[in-house]
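Please read these notes with the structure open beside you.

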Amino acid sequence: MDWNLLGLSFVTVFLSELGDKSQLAAIALSGQGQSRKAVFFGTAGALVLTSLLGALAGGAVAELFPTRILKAMAAVGFAVLAIRLLLPKSETD
């Protein structure tokens, strides 16, 4: 097992999931006074399933395209998102 990749994956997903909508939904669900264990296992299971689907899809896409092209596509996608976030929103009347 590639421990470096495991650690990098863990840290990346952990930091990206902090404070996102799914975590806020888990806080809201557990705050209703119902079973916190059920909320934990439900949200943990959902995160594991979505991560599995992402890893499987990533493996399939990696067989279609060379790594260099995938990295370039990801870089362009993130650059487009960053530019869109930095541009002021146009207000329509």
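1. A definition comes first, since the notes sort residues by class. Ala, Val, Leu, Ile, Met, Phe, Trp, Tyr, Cys and Pro count as nonpolar, Asp, Glu, Lys and Arg as charged, and the others, Gly among them, as polar. Keep in mind also that this is a predicted model.

2. With those classes, take the second largest pocket. Its lining consists of Thr50, Ser51, Gly54 and Ala55. Sorted by class, that lining holds one nonpolar residue, three polar residues and no charged ones. The space in the second largest pocket comes to about 190 Å³.

3. Ser51, one of the residues lining that pocket, sits in helix α3. Is Ser51 buried, partly exposed or exposed? Its relative accessibility is 37%, so Ser51 counts as partly exposed; the partly exposed class lies between under 20% for buried and over 50% for exposed. Ser51 is also 38 residues from Val13 in sequence, while their C-alpha atoms are 9.1 Å apart in space.

4. The largest pocket has a volume of about 470 Å³. It is lined by 19 residues, and those closest to its centre are Glu17, Ser22, Gln23, Thr43 and Leu47.

5. Which helix gives the most to the lining of the largest pocket? That is α3, with eight residues. By class, the lining of the largest pocket divides into eleven nonpolar, five polar and three charged residues.

6. On the surface there is a nonpolar patch formed by Phe10, Val11, Phe14, Leu15 and Leu18. Together these residues have about 520 Å² of accessible area. Leu18, one of the patch residues, lies in the loop between α1 and α2. Leu18 counts as partly exposed because its relative accessibility is 46%.

7. Where is Pro88 placed? Pro88 is in the segment after α4 (67–86). Its relative accessible area is 73%, and Pro88 is therefore exposed, as the cut-off for exposed is over 50%. Pro88 and Met73 are 15 residues apart in sequence, and from C-alpha to C-alpha they are 25 Å apart in space.

Note on methods: Residues numbered from 1 in each chain as written. Predicted model: local features only at pLDDT ≥ 70, side-chain atom pairs only at ≥ 80, totals over all residues. Heavy atoms only, no water. 1 Å grid on protein atoms, 1.4 Å probe; cavity = no way out; pocket = protein on both sides within 12 Å on 5 of 7 lines; lining within 4 Å. Points joined across faces, edges and corners; volume = space filled by probe spheres on them. Helix = DSSP H or I, 4+ residues; strand = E, 2+ residues; numbered from the N terminus. Patch = residues over 30% accessible without salt bridge, like charges linked within 9 Å, V, L, I, M, F, W, Y side chains within 5 Å. Areas by Shrake-Rupley, 256 points an atom, 1.4 Å probe, with all protein chains shown as cover. Salt bridge = Lys/Arg side-chain N within 4 Å of Asp/Glu carboxyl O. Buried < 20%, exposed > 50% of the residue type's maximum accessible area, 1.4 Å probe, protein only.
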